[in-house]
Amino acid sequence: MTENFWQPTASAEALRHRARLLADIRRFFADRDVLEVEVPLLSRRATSDPHIESVTALCGGQPAYLATSPEFGLKRLLAAGVGDCYSLGRAFREGEAGGRHNPEFTMLEWYRVGWDDRKLMEEVGELLGRLLGTERMRSLSYRELFLQQLELDPHTVSDVELRDCAGREVELSFTPATRDECLDLLMSHRLEPAMGEGITLLYDFPASQAALARVVEDETGTAVARRFEAYASGMELANGYWELTDPEEQLRRFHADHSYRAAHKRHVYPFEERLVEALCAGMPECAGVALGVDRVLMLAGDYSRIDEVIAFPIDRA
Amino acid sequence: MASYSTNEFKGGLKVMLDGDPCSIVENEFVKPGKGQAFNRVKLRNLKTGRVWERTFRSGESLEAADVMDRDMEYLYNDGEFYHFMEPETFEQHQASADAVGDASKWLKEQDMCTVTLYNGAPLAVTPPNHVILEITDTDPGLRGDTAQGGTKPATLVTGAVVKVPLFLEIGETIKVDTRTGEYLGRAKED
């Protein structure tokens, strides 16, 4: 090895670009009266998401977890009446490393009071269009994308047909166990790469992939999760929700996540019961979205690997 | 035998897939923001040379392949097998024409090359990056044409055919890059 491991992997130009991008984001929200807030990065509670692992630290001799997103803190502030707000800072995810992933990364998350997912999706398009300097934008439903590319309706296709399609389109070492696993495989291997240039906004996800979004019937009477994702050049950039405000449903989903994690022998972290309490006290109707800032920078500066936009990725951190 | 989990997969790691030894070429971590994580892996089948693409669930593992690279001296070809020797132990190995493959056209007796052993038997042979070989056949040289860029085919002692400058003659020895088959220059005779 001739490389000097003390050196940053990002060029000075990339670091300057990052600084400009952060300033542009803050200006975007300042112009719209959205308040920047800071919430804990270190917490006794962790996400219950079945597919996200938290980094565990010790604080006062007891386990504490590095935030996988600022969501819980921001929602508690919303319930406390702070109004439209955003956080621009670090998030941590155990085990996520690769060309587009670093376990420590920069996340922008914001909430709009009184908005639904469709309205927030437009604002995401506007921000991304500005940061990426493009006007090429299209929005379509999850169903439309599957119909266009694979000629199947992801909500109504039979289990057998869906599994056959995943097996045909992707060389697999295993048999997919669930519909969602098939859909995730098709999305990440087949549909994302085919999205092409420009910004793609995708909405109305299967109800089984609701996470913390509301589930509502669409115009065809199918129950869909009022969630959206933003992509550019085939790379996933943002995930948005028309947020759940019902404390009982929230508690039910936490328990469902815990059962899933326990059944799949994954670590079960203490969930944020104070979010449930905040929802009981009354969180306003709102929409929220999280956006990966490092990936936006990769696209804005035409960098192919996340290491090129982070001064010290995990191997050098 | 040990096994490796997807998060240990990296270029050059030797694993078993569908009963064949493979070398990992590329490992891409794929994860939708809300959804399950996968590893999209490219592997070279060391028996056939073909590159396979395969997607694993993150956390799955593969058995390690008993594959190792050894530097050996090429001894001779008996008409059926190619014979190699480990210089320190003098242990000899015979490799089939299948295992030697395209490397055969660069093999000169006493040259060192890399022999890949699978379960102790030769699976593949990699010639040295640069070899020095004698020209055994080519069109007559053109005197005074050393500056011009023209080339002509020349057959080497091992049977390989490479493009060489017009001025070279039968009996001269040249240096060739075996990875590209390119002529690098005249060899200096010591």
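Predicted model: local features only at pLDDT ≥ 70, side-chain atom pairs only at ≥ 80, totals over all residues.
**Entry 1: chain B overall**

I began with the secondary structure of chain B. I found 1 helix and 16 strands there. Next I looked up how spread out the chain is. Its radius of gyration is 22 Å, while the globule rule gives 16 Å for 190 residues. The value is well over the rule, so chain B is more spread out than a compact globule. I then noted the spans of the C-alpha trace along its principal axes: about 70 × 45 × 25 Å.

I also checked burial. Of the 190 residues in chain B, 44% count as buried; buried here means under 20% relative accessible area. The accessible surface of chain B is about 10,300 Å². Carbon and sulfur atoms hold 45% of that surface. Last, I looked at contacts between residues at least 6 apart in the sequence of chain B. Of these, 46% join residues at least 24 apart.

**Entry 2: a sheet in chain B**

Which order do the strands of the open sheet take? I read S14-S13-S12-S15-S16 in chain B, 5 strands with antiparallel pairing. Strands S14 (161–165) and S16 (182–186) of chain B stand at the edges. Each has a single partner strand, so one side of each is left without a neighbour in the sheet. From one strand to the next, the twist averages 55°.

Strand S12 (residues 130–138) and strand S15 (residues 173–177) of chain B pair in the antiparallel sense over 5 bridges. B:His130 stands opposite B:Asp177 in S15(B). As a reminder to myself, strands of a sheet pair through backbone hydrogen bonds.

**Entry 3: where A meets B**

I turned to the interface. Here 27 residues of chain A are in contact with 16 residues of chain B. The area buried between the two chains is about 2,000 Å². Carbon and sulfur atoms give 51% of it.

**Entry 4: helix H9 of chain A**

Is H9(A) enclosed or open? I found 6 of the 8 residues of this helix (293–300) buried, so it is largely enclosed by the rest of the structure. The buried ones are A:Val293, A:Asp294, A:Arg295, A:Val296, A:Leu297 and A:Met298. They pack against several elements of chain A, including helix H1 (12–31), helix H3 (117–132) and strand S12 (286–292). After H9(A) comes A:Asp302, whose phi is positive, near 60°.

Notes:
Residues numbered from 1 in each chain as written. Chains lettered and ligands numbered in written order. Heavy atoms only, no water. Pairing = 2+ DSSP bridges. Helix = DSSP H or I, 4+ residues; strand = E, 2+ residues; numbered from the N terminus. Axes fitted to C-alpha atoms, helices over the stretch in contact; angles between N-to-C directions. Rg over C-alpha atoms; globule rule 2.2 N^0.38 Å. Buried < 20%, exposed > 50% of the residue type's maximum accessible area, 1.4 Å probe, protein only. Contact = heavy atoms within 4.5 Å. Areas by Shrake-Rupley, 256 points an atom, 1.4 Å probe, with all protein chains shown as cover. Buried area = accessible area lost by both parts, 1.4 Å probe.
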